[in-house]
Amino acid sequence: MDFELTEEQKMIQQAARDFAQRDLITDVIERDTKAEFPTQHVKKLAELGFLGMLTGVKYDGGGMDTVSYVLAMEEISKIDSSVAVIMSVNNSLVNHGLEHYCTEAQKEKYLKPLARGEVIGAFLLSEPEAGSDATSQRTTAEDKGDYYLVNGTKNWITNANSASTYILIAQTHPELKHKGINALIVEKNSPGITLGPHEDKMGMRSSDTHSVMFNDVKVPKENRIGEDGFGFKFAMKTLEGGRIGIAAQALGIASGAYERALKYSKERKAFGTEIFNHQSVCFKLAEMAIRIEAARLLTLKAAWLKDQEQPYGTASAMAKYWAAETAMWVTTEAVQIHGGYGYVKEYHVERLMREAKLTQIYEGTSEIQKIIVGRAICDQA
Amino acid sequence: MKILVCISHVPDTTTKIKFIDGKSLDTAGVQWIINPWDELALTRALELKESSNGLIDHVSVITVGGPDTEPTIRKALAIGADSAIRVNAAAGDTFFVAYQVAEAIKNSGFDIILAGIDSCDFNGSSFGSMLGEFLSITSVSSVSGVNFNGNDISVDREIDGGKEILSCPVPFVAIVQKGITKEPRIPSMRGIMTARTKPLAVVEPVACEALTEFLSFELPKHKASCRMVDPENVKELVELLRNEAKVI
């Protein structure tokens, strides 16, 4: 068993760290306060190749492995999860699906510009009444011969406004239930698409999240991904990989908060000594380090399995569950260690705590991850 | 035209320095980086190449060191250097290093040679001028800008209270410092993936004896911890300054 990173992996980790700690840190608090999209930073993400890092070189991506992607996501999320989620959606939910399930013509037209970072993408699955229960899609894609006619509403869509390319999950044959669902590539500027207002979120405020309404939107038949009815399977497969990205993001939020709490505990004095020397604080930090290391190993293992082309659905659910729970616990304790300073924006940990909460909810709640793991262990027994 | 950037493989600037028996650096757990001035020099070299309309067509890097320096060299290639040279010898004193670099490149036709003003390991601050001497070419120190307009090359030098601008016939060595460019370039994903395929020539050292030898190292004394004095208690402050700090 080899835990050593390759030279390239270390370089990617360092590049992401430099970008986050040099560029993202400068305005992260201001963007969070104003809920402002990080336009300039996304441009730099594209220049550095992070937006298409998982896509093969053949399709103008970086051709990196998933382990490298986890390392980069962790470093960026330590500073700014809003930027990390833009990167995660593009790589895991949009590019991955296009690369593995689309035709060469679709890849040429849609994947290449996404992998180059010239445009970004969004993944439209959740609905007002279909979140975790993804089989209950109400958005319809009616088969009209040479096109689909789409009607319905999608909720909580990351990159909804900034994306040019949507991957839409919609129901074509309601009688077939989840086997009647299709995945379609939809251009955002298609007539009949409107956006709801920017969601005023608790955390990750700098990423743009909207509802997307479809009113008689025509989508050409050639934009369907895979065979008729492949959409649900496509969505579930895509989310398996997406979970690794969100696990890495949660890991970054946790380690970012831990690093700040550790530093603070060695500077702040109380009762005549640095607070790290008080066992109540030292034990918290030790437990943070242990939980984070476990989250890191789970996440890297899921990434490694994916890179080895072995099944990784259960491993990624375990990683996402544990990393998200760790992020929530660590950030809460990091605020506690900072005391009053932790409750103000300047010290970052309150923002990290708000960001951590979302990792327990999106791309499969913690409860859904336990269902996935539970079913897997039941099958093994 | 060709640019050469001389890079040093140094401990990360945040390293907690420890010595073994006061004689050699304890390298356990040390992360190695491109010397920060050299990284800025490399960034400037790439900027010059990119804005030269093809007139500057090659940027190379060189270092003197063992195989352990190759990750640092690969990073320079990932940032954008086209090729690299490693002189396969443990870096001795500045004389040794400058002599090895001069011998390795003397017939290579580099027009502009950039070197950081000092390295954050031994702070010798004499490499660039020694290299210029060994190659019998001009060296310019304290350079805060290197400019190329397609015909002429000029360098900006920081001087007391101002700046001077010199025109410089090639080849020359520019010893660069603050101002040479804004910030070091971060390698792109594509750069990282192609670094391994770029040429890295390993050349054997020539016979040369270092002129100096490190006898021992000492860490600076720990700073005394801060003593807080109540603002109302001026008498105690004066006493401390007089009797303990002995500054008044």
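Predicted model: local features only at pLDDT ≥ 70, side-chain atom pairs only at ≥ 80, totals over all residues.
Two packed helices are described by the angle between their axes and the distance between the axes. In chain B, the axis of helix H3, which spans residues 94-105, comes within 9 Å of the axis of helix H4, formed by residues 127-135, and the two cross at roughly 45 degrees. Because of this angle, H3(B) is classed as oblique to H4(B), and the crossing in which H3(B) passes H4(B) is right-handed. On the side of H3(B), the contact is made by B:Thr94, B:Phe95, B:Val97, B:Ala98, B:Tyr99, B:Val101, B:Ala102 and B:Ile105, while H4(B) contributes B:Phe127, B:Met130, B:Leu131, B:Phe134 and B:Leu135. Sorted by class, the residues of this contact comprise 12 nonpolar and one polar, with no charged residues.

Between the chains, 16 residues of chain B are in contact with 22 residues of chain A. The two chains bury about 1600 Å² between them, of which 61% lies on carbon and sulfur atoms. Within chain B, the residues that lose the most area to chain A are B:Ile186, B:Met189 and B:Ile192, which together account for 42% of what that side buries. Charged side chains also take part in the pairing of the chains, with a count of three salt bridges between chain B and chain A. One salt bridge joins the side chains of B:Arg196 and A:Glu7, with an N to O distance of 3.9 Å.

Notes:
Residues numbered from 1 in each chain as written. Chains lettered and ligands numbered in written order. Heavy atoms only, no water. Axes fitted to C-alpha atoms, helices over the stretch in contact; angles between N-to-C directions. Helix = DSSP H or I, 4+ residues; strand = E, 2+ residues; numbered from the N terminus. Parallel < 35°, antiparallel > 145°, perpendicular 65-115°, else oblique. Left-handed = near helix turned anticlockwise from the far one by under 90°. Contact = heavy atoms within 4.5 Å. Nonpolar A, V, L, I, M, F, W, Y, C, P; charged D, E, K, R; others polar. Buried area = accessible area lost by both parts, 1.4 Å probe. Salt bridge = Lys/Arg side-chain N within 4 Å of Asp/Glu carboxyl O.
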